[in-house]
Number of protein chains: 2
Amino acid sequence: MTRHYNFCAGPAALPAAVLERARDEMLDYRGHGLSVMEMSHRAPEYVAIARQAEADLRELLAIPDHYRVLFTQGGATLQFAAVPYNLLGRGGRANFLHTGIWGSKAVAEARHLFGDAPVVASSEANGHSAVPRPDDIVLTEDAAYLHYTANETIGGLEFDFVPEAVRPDGGEVPLVCDMSSSILSGPLDVSKFGIIYAGAQKNIGPAGLVVVIVREDLLDRARPDMPSLFDYRALADAGSMINTPATYSWYLAGLVFQWLKHDIGGLAAMNAINDRKAAKLYAAIDSSELYANPIALRNRSRMNVPFVLADERLDKPFLAEADAAGLLNLKGHRSVGGMRASLYNAVPEAAVDALIAFMADFEQRRG
Amino acid sequence: MTRHYNFCAGPAALPAAVLERARDEMLDYRGHGLSVMEMSHRAPEYVAIARQAEADLRELLAIPDHYRVLFTQGGATLQFAAVPYNLLGRGGRANFLHTGIWGSKAVAEARHLFGDAPVVASSEANGHSAVPRPDDIVLTEDAAYLHYTANETIGGLEFDFVPEAVRPDGGEVPLVCDMSSSILSGPLDVSKFGIIYAGAQKNIGPAGLVVVIVREDLLDRARPDMPSLFDYRALADAGSMINTPATYSWYLAGLVFQWLKHDIGGLAAMNAINDRKAAKLYAAIDSSELYANPIALRNRSRMNVPFVLADERLDKPFLAEADAAGLLNLKGHRSVGGMRASLYNAVPEAAVDALIAFMADFEQRRG
């Protein structure tokens, strides 16, 4: 068995310790005589797994009691629809910050379903190289909520502050954040948000699971015409088990939460590791003649580090040699090209060191 | 490691050979140096897994070329919404057959979203102990499609024929079937159906995956106001990868398809095994004084065998002793009580033999 270093943007690397545990428990979960995959979601041993996962997530993120945690399906993309259905029942329009491809997909879905959805601030003018400043964010009078993408996975652009969601009349509206590619990368003040949602396949677990953290008072403003499975109130009341949830993915997420708590030591420790990993890779890029990253320093993503080579004819040999060296999935998103190294929680510091050494060696030989 | 016999209605037993393969490939998929869970859904090695799974399913069910196969998320319950969105774009009303709890949930969702949705035939009058006869099924003049549930997982009631979906004026409409708990239990004439959908967690794989088989000409009658991820046309065009699919569940489904092909020998062989399993369990029930099943002979489910004990005070000891004997999850659905033995594909004949022996012994001692 060989384990390579995996810089995939998602589905992404998982901790080897988590995979080993899942492997060892695959045919017989702790003497119960069956796999977690084979358990009824109503069985006491499965309910215990699900509840422990939620408790661990709550502890890791210090989620206040007046927030509910949902484990649902369909990816963040399904939440692009579910969020407006859940928040537009009292009228008003969704307001959006647009800082890249994922944010624009969220806007498009809100417009598709409910017509107008104003973008109230955008980084389009600077090519999504720096997020809007707090003063640039001016909500509409009828804003029902403000949505933004904390970290743009493709662009490698990350907010360095939590926006305020306040209408011109001074009224606060819920702040909604797609945190798919940065959740659990460090501590978080959940109380600033109305809704946080995240597809699992970066820092949480396998694809097919979505975590939604929603403030309790927002459970009563849904449109009545939404598909029943979108209903946060119903999901919350049913412990995310209106129907059969993605039981195995939920279990794996729980193993990741345990790993974060016990192997890493919590999110402050994870944060320090992520700081180090990103800092050394950006330093290597900035000090080279061959590699470049265009993002404003304050908005450089810790999780997704896109970079280009000065001569794009070197892209192919770079990727082929990296692959041969056991450094996988460094190709940039097909919409932007170049390279991208995703440094999620499960990517060890040794992987970043190996990447930096490879990049230096490649530059010396080919740059 | 111990493996017990698991009669769970879903999530349900998986073949041990599939779990062993998944275990062995967990940390390193065939020398690629990473888990399937860690692969990009766009990576060639993952796309090969996904395409092979589709090809094997097509082969097993002899799916004609003019049908598309989708691998999506949200359980059959999300399809209760997605189907009417995809089929009501040209007006008309959804028609339903009502033969139990799952069918009634499908009706309720169609009504919730689109108002009227007539039940054109029902087994309510006989307590869902026999499905309507073909002659009892009279569609409305404005029927857009006919929906039914091939096998009611909770009631243990299975259709012994494929209904015809013809309006009084002679016009054929699409036949839509929720086949969650009977798909792949035997050969199937897919060409009789417009849409077949099935939650994976019975005969396909782990919870969190839904397979939709849709006739190509039905991809163009969707309502424009539906959530984008419901769009069968878009899903078909994107190879079910509009966004990240449930990659690991899809892989496991593929392993199950391989097992059906190579270990079992295809669906005709599976069908024979399922016939034998169900026949011997029903025979044991019918020949006993203690156990009873109320379903009409022609509609007895091969997959879900509910039965009651003549004295319900024996329910608790029956379940406790069965559990101690390694016969798991025999408790009936909380809405109906009693017992239920689910005999999905992955439940071996030896499990049924063990259950029958236990039941006889229990009856002798306690009946």
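1. B:Glu38 and A:Arg3 are joined by a salt bridge whose closest N and O atoms lie 2.6 Å apart; the term denotes a side-chain nitrogen of Lys or Arg within 4 Å of a carboxyl oxygen of Asp or Glu. Between chain B and chain A the count is two salt bridges. Helices α1 (16-24), α3 (75-87), α4 (101-114) and α6 (247-264) of chain B are the elements that give two or more residues to the side of chain B that touches chain A; helices are DSSP runs of H or I with at least four residues, strands are runs of E with at least two, and both are numbered from the N terminus.

2. This is a predicted model, in which local features need pLDDT of at least 70 and side-chain atom pairs count only at pLDDT 80 or more, whereas totals for chains, interfaces and linings use all residues. Residues are numbered from 1 along each chain as its sequence is written, chains are lettered from A in the order in which they are written, and side-chain values use heavy atoms, with hydrogens and water left out.

3. About 4700 Å² is buried between chain B and chain A, 59% of it on carbon and sulfur atoms; this is the accessible area (1.4 Å probe) lost on putting the two parts together, summed over both. B:Leu27, B:Met37 and B:Glu38 supply 15% of the area that chain B buries against chain A, more than any other three residues. Each chain's share of the contact (heavy atoms within 4.5 Å) is 60 residues from chain B and 60 residues from chain A.

4. The UniProt record, an unreviewed entry, places "modified residue: N6-(pyridoxal phosphate)lysine" at A:Lys202; such annotations may be inferred rather than shown by experiment. A:Lys202 lies in the loop between β9 (195-199) and β10 (210-215) of chain A. Because its relative accessibility is 12%, A:Lys202 counts as buried, a term for under 20% relative accessible area with a 1.4 Å probe and protein chains only. The side chain of A:Lys202 reaches the backbone oxygen of A:Ala9 at 2.9 Å. Beyond four places in sequence, the residues that A:Lys202 touches include A:Thr153, A:Ser180, A:Ser181 and A:Tyr344.

5. In chain B, B:Asp178 belongs to strand β8 (residues 175-178). B:Asp178 is buried yet has no salt bridge, the nearest side chain of opposite charge being B:Lys202 at 8.6 Å; here Lys and Arg count as positive and Asp and Glu as negative, while His and the chain ends are not counted. Beyond four places in sequence, B:Asp178 touches residues including B:Phe80, B:His147 and B:Tyr197.

Methods. Buried means under 20% relative accessible area, exposed over 50%, partly exposed in between (1.4 Å probe, protein chains only). A polar contact is a pair of N or O atoms within 3.5 Å; within protein, one must be able to donate a hydrogen and the other to accept it, and residues adjacent in sequence count only if both atoms are side-chain atoms.
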